[in-house]
Amino acid sequence: MKKQQTFTVVVIDDKDKCCEQLKNKLRGSRHIIVGDTAVSIAVETVHVRVRREEKAERPETDSWTFQNEMVSQLLVAAQAKPHLLIVDYIYIDDQVAKFFKEKAKKTQVDKEEVHTRALTPYDLRKWVEDCVEIDSGDKTKIIKGLFGFNGPLYLHTYTPYGLDAAAGTITERERNTSLAFPSAQITVIDTRSEFFNNDQFDPPHPDEKSRSFYDKDYYPYQLAIFFDQVLQKEIYKQAFASNRHVRLIRTSYAVSIICAVGAAVGFASSWAGGLILEFLRSNRFVEAVFLCVLCLGSMLIAGFSLTMWFETLMKRLIGEE
């Protein structure tokens with residue numbers, strides 16, 4: 001009977017469809033078999049929600065922060081003890097995002113324009129740390145259990161044409177995210193490059209000859225397919241890292257068997273060699289040749305039998321049977 005193990009993934013994204021597609025695809029109904037262990041996947045999602053601070057008349061010129069309603073999701077994710085994090089880089093209102101995308105088609109958008117409007121994982125951590133409405137005990141659990149995560153974190157980021165300067169370089173995004181998750185091993189996935197080869201399949205000015213293959217409804221499914229492969233890789237990688245050495249159930253018994261077999265082979269070889277040498281000294285060549293042939297045949301048969309028996313025995317000792 002196979003052992004059971006749960007591999008927990010936490011998804012942090014501001015798009016509800018991305019959360020839904022990733023959760024459904026990664027969790028599914030399957031088990032991943034790793035040796036004698038059946039690994040089931042649990043997925044917790046944090047749907048990041050932003051709200052206006054109502055300091056300006058227009059949403060694209062207003063400051064934005066996070067909604068308090070998402071604290072419960074952050075707390076559940078922190079207590080889930082994740083093995084893998086999948087994190088979106090930008091959290092922005094749909095209307096504000098549309099405004100800046102349209103503007104970017106005409107002119108470059110800089111960081112100051114999107115500051116406090118396009119939020120990042122670091123802004124999320126700072127909000128948790130500074131929010132007086134979050135219970136201090138819950139705040140500690142979220143900071144330690146989620147932002148203190150020390151495993152693999154995959155940061156995915158899609159940057160439309162003209163917004164590169166506002167979002168920052170890939171290195172800057174990684175550095176910014178490391179301020180939120182200082183202990184995590186961060187891998188940045190530039191999805192515009194990975195999924196669309198930049199301008200080739202996502203041109204800045206699509207027309208009849210060169211249309212964009214980016215679709216806001218299909219993109220979440222692309223993410224889910226991509227991270228399903230990442231998930232399987234991480235499960236096997238972590239399993240390999242935790243089982244780098246063969247572990248015997250009864251080590252002393254195994255060592256005793258190895259020593260006994262080695263001693264028996266040494267004794268038999270010594271005895272047969274001494275007897276053959278005695279025959280040769282007595283000019284009993286026929287007996288010497290016969291004993292040599294007999295020893296050779298016996299060693300071949302014994303070697304094959306012992307190997308098969310030893311393999312079966314060792315499988316039991318390392319728990320494969």
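Mentor: We begin with a definition: buried means under 20% relative accessible area, exposed over 50%, and partly exposed in between (1.4 Å probe, protein chains only). This is a predicted model, in which local features need pLDDT of at least 70 and side-chain atom pairs count only at pLDDT 80 or more, while totals for chains, interfaces and linings use all residues. Residues are numbered from 1 along each chain as its sequence is written, and side-chain values use heavy atoms, with hydrogens and water left out.

Trainee: Is glutamate 60 buried or exposed?

Mentor: Glutamate 60 counts as buried, because its relative accessibility is 10%.

Trainee: With which residue does arginine 58 form a salt bridge?

Mentor: Side chains of opposite charge can pair when their charged atoms come close. A salt bridge is a side-chain nitrogen of Lys or Arg within 4 Å of a carboxyl oxygen of Asp or Glu. Arginine 58 forms one with glutamate 60, and their closest N and O atoms are 2.5 Å apart. Arginine 58 itself is partly exposed, at 45% relative accessible area. By this rule, the count is 13 salt bridges.

Trainee: Which residues have the most contacts inside the largest nonpolar core?

Mentor: A nonpolar core is a set of buried Ala, Val, Leu, Ile, Met, Phe, Trp, Tyr and Cys residues joined through side-chain atoms within 4.5 Å. The largest has 45 residues, and Ile12, Phe66, Leu74 and Trp127 have the most contacts inside it. A second, separate core of 26 residues includes Leu26, Val39, Val43 and Leu231.
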